[in-house]
Amino acid sequence: NLRGLSGHKAHHSRRAVVAAGFDAKKGQRLRHGFGFPLLQRFSAGNTLAMARQSRTPVVLLTRPAAQSQRFADQLRAAFGPMSFVITPLIAPEYLTPPLPAHDFQALVLTSETAAMAAGRLLVAGQTLPDLAVCVGGRTADAARQAGLRALSAKGAAAELIALIKGQYLTGPLLHLHGQDTRGNIAELLTKGGIVTVSVVCYTQRAQTLNAMALNALALDEPL
C-alpha cells in the first residue's frame with residue numbers, strides 16, 4: 001500500500017497503483033496482487049473514453065528504473081502522451097568482490113544488473129573474460145554496452161545451460177549475480193562437468209518513495 005508508505009490516507013476508490021507487465025501488441029496488462037495474477041484486457045478506445053470523463057491520471061511506477069522506463073515507453077506507444085512518476089522501491093548496490101584467480105573461459109550473466117556490474121568491474125580494473133553467455137536479450141544488450149561479446153539464451157535457466165553446452169564451453173566459467181538468486185546455475189553446471197564459480201556482485205536495497213511520488217499521492221488527483 002503505497003499510500004500507507006507515504007503517510008497519507010486514501011480519499012476514495014479512484015486511486016490505485018497498477019504496474020507489473022504490459023503487452024502493447026495484445027493490449028493486455030498483467031496485474032499482480034495478493035499472491036495471484038489477474039489478466040485484464042482493455043483497448044485504447046476504452047481507455048481514452050475513460051480519460052475524457054476524468055482528468056488523465058498520472059501513472060506511478062515502482063519497479064527498478066530501467067524496467068519502469070521501458071513500461072512507460074510501451075504505454076506511451078500504445079496510448080499516446082501520458083505522465084509518469086518513476087520511484088523505484090529497490091535499487092542495486094554494486095559490490096567489488098575479489099575474483100578467484102582462474103583463467104575463466106566465459107562469464108555467465110542472469111540479469112541486466114549483473115551485466116552492468118560486470119562493466120563496473122572492468123572499469124575498476126578487474127580482469128574478466130570477454131565472452132558473456134546471457135539468459136536473455138536485454139541482459140545480452142547490457143553486456144554488449146559494457147564492452148563484452150554476448151550470446152543470448154533467449155529463455156531461462158534451462159535454456160542458458162543448454163546454450164553453454166551447445167557452445168562446447170568446458171570451463172571454468174564465472175557466474176556473476178546478485179545476492180538473491182535462483183536456478184542454481186553454477187551448481188548445475190559444475191555437476192554437469194563444467195566448473196562454474198559463483199560470485200555475488202550486487203545486492204538490492206529498499207528505497208523510499210521519492211519526492212515526486214509523495215507529492216502525487218498527496219494530491220486529490222487521479223493516480
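# Briefing on a predicted protein chain

Ala 206 is found in strand S11, which covers residues 196-206. Helices (H or I, at least four residues) and strands (E, at least two) are DSSP runs, numbered from the N terminus. This is a predicted model, in which local features need pLDDT of at least 70, side-chain atom pairs count only at pLDDT 80 or more, and totals for chains, interfaces and linings use all residues. Residues are numbered from 1 along each chain as its sequence is written, and side-chain values use heavy atoms, with hydrogens and water left out.

**The whole chain**

- The protein chain has eight helices and eleven strands.
- Of its 223 residues, 35% count as buried; buried means under 20% relative accessible area, exposed over 50%, and partly exposed in between (1.4 Å probe, protein chains only).
- Among contacts (heavy atoms within 4.5 Å) with a separation of 6 or more, 64% are between residues 24 or more positions apart.

**The sheet**

- An open sheet of six strands has the order S6-S11-S10-S7-S8-S9, with mixed pairing; two strands pair if DSSP finds at least two bridges between them.
- Strand S6 (90-94) and strand S9 (149-152) each have a single partner strand, so one side of each has no neighbour in the sheet.
- From one strand to the next, the twist averages 25°.
- S11 pairs with strand S10 (residues 173-178) in the parallel sense, over six bridges.
- In this region, Leu 173 stands opposite Thr 196 of S11.
- Helix H6 (residues 157-166) lies across strand S7 (106-109), strand S8 (131-134), S9 and S10, and runs at about 140° to S8. Axes are lines fitted to C-alpha atoms, for helices over the stretch in contact, and angles run from 0 to 180 degrees between N-to-C directions.

**Ala 206**

- Ala 206 counts as exposed because its relative accessibility is 71%.
- Ala 206 and Ile 90 are 116 residues apart in sequence, but their C-alpha atoms are 4.5 Å apart in space.
- Not counting residues up to four places away in sequence, Ala 206 touches Leu 89 and Ile 90.

**Two buried residues**

- Thr 139 is found in helix H5 (residues 137-145) and is buried, with a relative accessible area of 6%.
- The side chain of Thr 139 reaches the backbone nitrogen of Glu 112 at 3.4 Å.
- Beyond four places in sequence, the contacts of Thr 139 include Leu 109, Ala 115 and Cys 134.
- His 177 lies in strand S10 and counts as buried because its relative accessibility is 5%.
- The side chains of His 177 and Ser 198 are joined by a polar contact of 2.4 Å. A polar contact is a pair of N or O atoms within 3.5 Å; within protein, one must be able to donate a hydrogen and the other to accept it, and residues adjacent in sequence count only if both atoms are side-chain atoms.

**Nonpolar cores**

- The largest nonpolar core has 23 residues, of which Leu 107, Leu 109, Ala 143, Leu 174 and Leu 176 touch the most other members. A nonpolar core is a set of buried Ala, Val, Leu, Ile, Met, Phe, Trp, Tyr and Cys residues joined through side-chain atoms within 4.5 Å.
- S7, helix H4 (112-123), S8, H5, S10 and S11 are the elements that give two or more residues to this core.
- H4 gives the most, with five residues.
- A second, separate core of 15 residues includes Val 133, Leu 169, Leu 173 and Ile 194.
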